[in-house]
Amino acid sequence: MAHSSSPASFVVPYPSRLAGRIRVPGDKSISHRSLMLSALAVGESRVEGLLEGEDVLATAAAMRAMGATIERGEDGIWRINGVGVGGLLQPTRALDMGNSGTSTRLLMGLVASHPIAATFTGDASLSARPMARVTVPLERMGASIEASPGTRLPLMVRGACPAVPIEYELPVASAQVKSAVLLAALNTPGITRVIEPVPTRDHSERMLAGFGAHLTVEQGPRGRVISLTGEAELKPQSIVVPGDPSSAAFWMVAASIVPGSDVVIENVGLNPTRAGLLTALRMMGADITEVDPRVVGGEPVADLRVRHAALAGIVVPHDLAPAMIDEYPALFVAAAFAEGKTVARGAEELRVKESDRIAAMRAALEANGMTTEEHEDGLTVHGSGGEPIAGGGTVATKLDHRIAMSMTVAGLHARHPVTIDDIAPVATSYPAFYQQLATLSGDAA
């Protein structure tokens, strides 16, 4: 693997092909939630396959600070002894969330209905992200929230006990907002309802039910209605975390665009609310086969065999957006190598991720010779027809792990080397990404 003189920057190699088998890290969404719910159960839960990136470790540290016992065994299994719903303790210091928006927003929900106060801090990227979408419903439930200007971190949540059950219709499609309200509802007397006009990833609903919460999901005239009865008693669980489809996304695109590639990605979670990229890539002509489909811990899982294929530009259906919101940067890269243009819209949420992912990906692609048009809710990308892109540019990652990994994938099929300005943020979600790239490229020592 080629590196520049700066230890955090990376010059993307040009492999002849990608080949081999890899296993991606555990699903980040499920990892976060498994720690939080285990910490609210009475007794010991066991979690296998937990993603051990910085974001998830921030969640583990926060739950320890609020009373849970969380340990990783030498066997790689995490054991969590919880405090019970209502049993969270007052943290003695601020909770440092690092770069993790998921940790922040979901933990704000947990604190909101407990008789404690917690201050949330984060790095520069997280501190620039607005939290109003979460504070609005939590304040309706009775929590008191003091935030920095723009409803940003540092931010303090004083929980209400008892909190007030609400009916809340999501103004934006956001699994984080939905989950924050449902987690607050766990220690709130009565029934809290979340109305979801556009379905989003449903890991919270699946896991809450699995831990024993009384939760129902019905289809109503305004969308999915999730009802949770509060003052729940959660039972400890044994959880096997499937591979993260958001991490698998990079290899799905990489193997599709690098000629001669044949890659098997093992144990990928294929929850229907997360499978939008798989659908979109198949619409573009990708050669992706599901091998040994199975159900693990209530989640559909399969190994994915991905072979190089000619891709064609498409208009991405808007209703796929919630099921692939984190994978849009990888989709933009696939579009860069397709025949014709790809129009990928319906994703306003990308503006408030770790970076403004629409603007960041437009700048990164154009710096490496691609033609794009930026929309408020996405990009139009004019593809190379499978030919190498020009390359030669330096990618400004904006402290965003998905920008770094997506543009690394783009650089695998470029006429001139692509430089990633800072790959350190990749550790938040996929610490082994560059080692696995070396393995698939045949460059591993």
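Mentor: A salt bridge is a side-chain nitrogen of Lys or Arg within 4 Å of a carboxyl oxygen of Asp or Glu. The model is predicted: local features need pLDDT of at least 70, side-chain atom pairs count only at pLDDT 80 or more, and totals for chains, interfaces and linings use all residues. Residues are numbered from 1 along each chain as its sequence is written, and side-chain values use heavy atoms, with hydrogens and water left out.

Trainee: How many salt bridges does the structure hold?

Mentor: Side chains of opposite charge can pair when their charged atoms come close. The structure holds 32 salt bridges. One of them joins the side chains of Arg222 and Glu169, at 2.9 Å from N to O. Arg222 lies in the loop between β12 (215–220) and β13 and Glu169 in strand β10 (residues 167–169), so this pair ties together parts that are 53 residues apart in sequence. Helices (H or I, at least four residues) and strands (E, at least two) are DSSP runs, numbered from the N terminus.

Trainee: Is Arg222 exposed, partly exposed or buried, and what is its relative accessible area?

Mentor: Buried means under 20% relative accessible area, exposed over 50%, and partly exposed in between (1.4 Å probe, protein chains only). Arg222 has a relative accessible area of 46%, so it is partly exposed. Glu169, at 34%, also counts as partly exposed.

Trainee: Which residues meet in a salt bridge of 2.8 Å, N to O?

Mentor: That is the pair Arg345 and Asp377. Arg345 sits in the loop between β18 and α11 and Asp377 in the loop between β19 and β20, so to speak of the pair is to speak of distant parts of the chain, 32 residues apart. Arg345 is partly exposed at 30% relative accessibility, whereas Asp377 is buried at 9%. Elsewhere, salt bridges that share partners join Arg129, Arg201, Asp326, Lys353, Glu354, Arg357 and Asp400 into one network.

Trainee: What is the order of the open sheet with β18, β19 and β20?

Mentor: Two strands pair if DSSP finds at least two bridges between them. This open sheet of 3 strands has the order β18-β20-β19, and its pairing is antiparallel. β18 (341–344) and β19 (371–375) stand at the edges with a single partner strand each, so one side of each has no neighbour in the sheet. From one strand to the next, the twist averages 10°. Axes are lines fitted to C-alpha atoms, for helices over the stretch in contact, and angles run from 0 to 180 degrees between N-to-C directions.

Trainee: How many bridges join β19 to β20?

Mentor: There are 5 bridges between β19 and β20 (residues 378–382), which run antiparallel. His375 stands opposite Gly378 in β20. Helix α11 (residues 357–367) packs on this sheet and touches β19 and β20; its direction makes about 165° with that of β19.

Trainee: Which residues of α11 are buried?

Mentor: They are Arg357, Ile358, Ala360, Met361, Ala364 and Leu365. Seen down the axis of α11, these buried residues fall within an arc of 165°, so they line one face of the helix. The arc is that of the directions from the helix axis to the C-beta atoms. Contact means heavy atoms within 4.5 Å. The buried residues of α11 pack against α10 (328–336), β19, β20, β22 (394–395) and α12 (401–411). Gly369, which follows α11, has a positive phi, near 95°.

Trainee: How many residues of helix α6 are buried?

Mentor: In α6 (residues 175–185), 11 of the 11 residues are buried, so the helix is largely enclosed by the rest of the structure. Among them are Ala175 and Ser179.

Trainee: Where is the place of Arg33?

Mentor: Arg33 is in helix α1 (residues 28–40). Arg33 is buried yet has no salt bridge; Asp27, the nearest side chain of opposite charge, is 6.4 Å away. For charge, Lys and Arg count as positive and Asp and Glu as negative, while His and the chain ends are not counted.

Trainee: What phi does Gly150 take in the hairpin of β8 and β9?

Mentor: The phi of Gly150 is positive, near 80°, and the hairpin has 3 residues between the strands. Strand β8 (residues 144–148) pairs with β9 in the antiparallel sense over 5 bridges. Within β9, Arg152 is the residue opposite Ser148.
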